[in-house]
Structure formats: C-alpha cells, structure tokens
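Try each task before you read its solution.

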Amino acid sequence: MITQEQIPAVLDHPVYDADGNKIGSAKHVFYDDATGNPEWVTVKTGMFGSSESFIPVHDANLVQDHLEVPYDRDQVKDAPNVDIDAGGHLSEQEEHRLYRYYGLDGGGAGDQRQAGRHATTDAGPDARGGAAAMGGAGAVGAGTRGDSAALRQSRTGGTSALGKEGAGRGDAAAEDVAMTRSEERMHVTTERRDAGQARLHKYVVTEEQQQTVPVRHEEVRVVREPITEENRDAALHGDDISEADHVVTLHEERPVVEMHTEPVERVRLTTEEKVEQQTVKGTVRKERIEAETTTEDGKKGHIPGRGDTPPRS
C-alpha cells in the first residue's frame, strides 16, 4: 500500500499489472476523507489515454519508478465508470461499486474504511477537519496543497482526488495558472523471432579405391632324374613298355573384394548466441510551452523565463 509521502512518485508514472504488463499512467490518487490514507489510483488507459480507470491501492507496491498492482490489465480496463462530483470527490455508493467489481465488497478493507469514517465523523468537526488536512477534501495538485480553509472542508464519507494538475480546488476563487508539459520517451526492447533453419542431411556418394595385394599360383616344371639305387623300386614299378598319363592339378589365388560398414564419426548441430549492436531510430513528440503578453493595441510579446523554450518564428 502506498503512503502519502509516495504520492508524488506515483502521479504521471507508469502502472504495471502483476504480470509486468503496462496498464497506463497514474493520473489521480483518491484518499480517504476520514483517515487521509490513499485508497484509489486512476490510470489513463486506451488509445492516447482516452479513458480513466480506478484501481485499489491497498495491495499496490511502489517499485522504483512505477506502481505495481495485483490486477491484470484487462480487468482494470473493464472497470466500471463512476461519477465524480465537481470537487473531485468519489461518493460512497460509487466506491462500493468499485469494491464489488474488484471482489473486495464486504472484505476487511471496506469495513475498516467505513468504521474509520464514522469514528472521525462522530468525534466532531475539529477531528474531521484534522483528517481532511491530512488528505485534503478536494482535488489538490501534487505540488500545491491549497489554503487551510480549503483543506478543512467537512464530509461525512467517501474519498477525494489528489491530482497532478490540481483540478477543482476547495477554494473556488483560486485559479490554476500552471501548465504541465509532457513529452514522449522512446523505450526500445527486443523480441525473439525465427530467423532461419539449419539441418543435417546425409546422402551416399561413391568413389574408386584400389589396393595391391600379393596372389600366388602354381606352374608346372619337368624334372628328370637318373635311376639310382634309391629310386629303382619306384622306377621299375609297372609294365616294361606301356602308355600312361599322369595329371597334376595346378592352383592359383584370386583377389576377393568384400564390403564392411564401420562407423567413423558423429556429426551434430549446436547453436551459440552472438551479440551485435543495432541503432534504432524513432520519432517522439514533445510539448513546448510559451508565455506571451498581449497589449491593448493587439501587439504580442514573449515573456522569457528560466528553462523557457525559444518562441516560435
């Protein structure tokens, strides 16, 4: 829950939901007339901030430069539209409508808030005035608190708005002569997308190979031996005179080619990230404020000041 001291850090700053989605920018903070504690924050949503939605701040947290709320963006954008009176005041009936929408109706936050309002009202006008001085009874600017009489407007219940530009002060005679100058900021993020594909493809090719291997073969050679005592018996075996054939089988080796499949390596794909710098250009809009005077004869003049922008030509 945000405190009164944190309100300036909330106004005109981004509001994000629980999932980190930006809902819009905080426009007003509505606080309890009895306790002075912030109760609601309004967020500009829609195209160019065309609509304003209420969000309870009981469970909201201020994180660095933005406010985080435990409700998603669509739920906030669909919140009911409520009527606010000329003093920037949210009635009790409208507040209960919002509590019911966010599922807080009848919960501890609504009961505590009603009890605190009655306790302050019953304590008398002095106590009511002190509570109003804490939070203000009208829509007071973030940098301007208004006079003490405006802050002591008594109310019997409801919440009031604390806005950035201070529309609807309690003192009707006071005139706001200040403007808020805004400008767009360019925020560049990155997104991940598909950039292409890589694949492994296996196919078969053929190539000629040759190897030299030794092969053996047999050849016939005639050997003539004289008859000796050692071979006489074998030589005289058989008929004395006859015809005969003696056959010898010759042998040789021939190359035989066989194919065997063997695994040789593993091939796989892997990815690695590379970081490169890219320059992004964009067009942002900025507001410029000029101060000028007009005399009775119709002549216009420029009023210089600190931090002033040059006049238009």
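A contact here means heavy atoms within 4.5 Å. Keep in mind that this is a predicted model.

**Exercise 1: the whole chain**

Task: Find what share of the contacts between residues at least 6 apart in sequence join residues at least 24 apart.

Solution: Start with the elements: the protein chain has seven helices and 10 strands. Next, take the contacts between residues at least 6 apart in sequence; 56% of these join residues at least 24 apart. Then turn to burial: of the 313 residues, 24% are buried. Finish with the accessible surface, about 24,900 Å², with 47% of that belonging to carbon and sulfur atoms.

**Exercise 2: S53**

Task: Decide whether S53 is buried or exposed, and work out what its side chain meets.

Solution: First, locate S53 in strand 4, which covers residues 51–56. Buried means under 20% relative accessible area. S53 has 5% relative accessibility, so it counts as buried. Now look for partners: leaving out residues up to four places away in sequence, S53 touches V41, T42, V43, T45, V76 and K77. With V76 there's a polar detail too, as a polar atom of the S53 side chain lies 3.2 Å from the backbone oxygen of V76.

**Exercise 3: M186**

Task: Place M186 in the chain and name the residues that make a nonpolar surface patch with it.

Solution: M186 sits in the loop between strand 8 (159–163) and helix 7 (232–235). Its relative accessible area is 43%, so M186 is partly exposed. Together with V188, V280 and V284, M186 makes a nonpolar surface patch of about 330 Å².

Notes. Residues are numbered from 1 along each chain as its sequence is written. This is a predicted model: local features need pLDDT of at least 70, side-chain atom pairs count only at pLDDT 80 or more; totals for chains, interfaces and linings use all residues. Side-chain values use heavy atoms; hydrogens and water are left out. Helices (H or I, at least four residues) and strands (E, at least two) are DSSP runs, numbered from the N terminus. Buried means under 20% relative accessible area, exposed over 50%, partly exposed in between (1.4 Å probe, protein chains only). Accessible areas come from the Shrake-Rupley method with a 1.4 Å probe; for residues, only the protein chains shown count as cover. A polar contact is a pair of N or O atoms within 3.5 Å; within protein, one must be able to donate a hydrogen and the other to accept it, and residues adjacent in sequence count only if both atoms are side-chain atoms. Patches are made of residues with over 30% relative accessible area and no salt bridge: like charges are joined within 9 Å, nonpolar side chains (Val, Leu, Ile, Met, Phe, Trp, Tyr) within 5 Å. A salt bridge is a side-chain nitrogen of Lys or Arg within 4 Å of a carboxyl oxygen of Asp or Glu.
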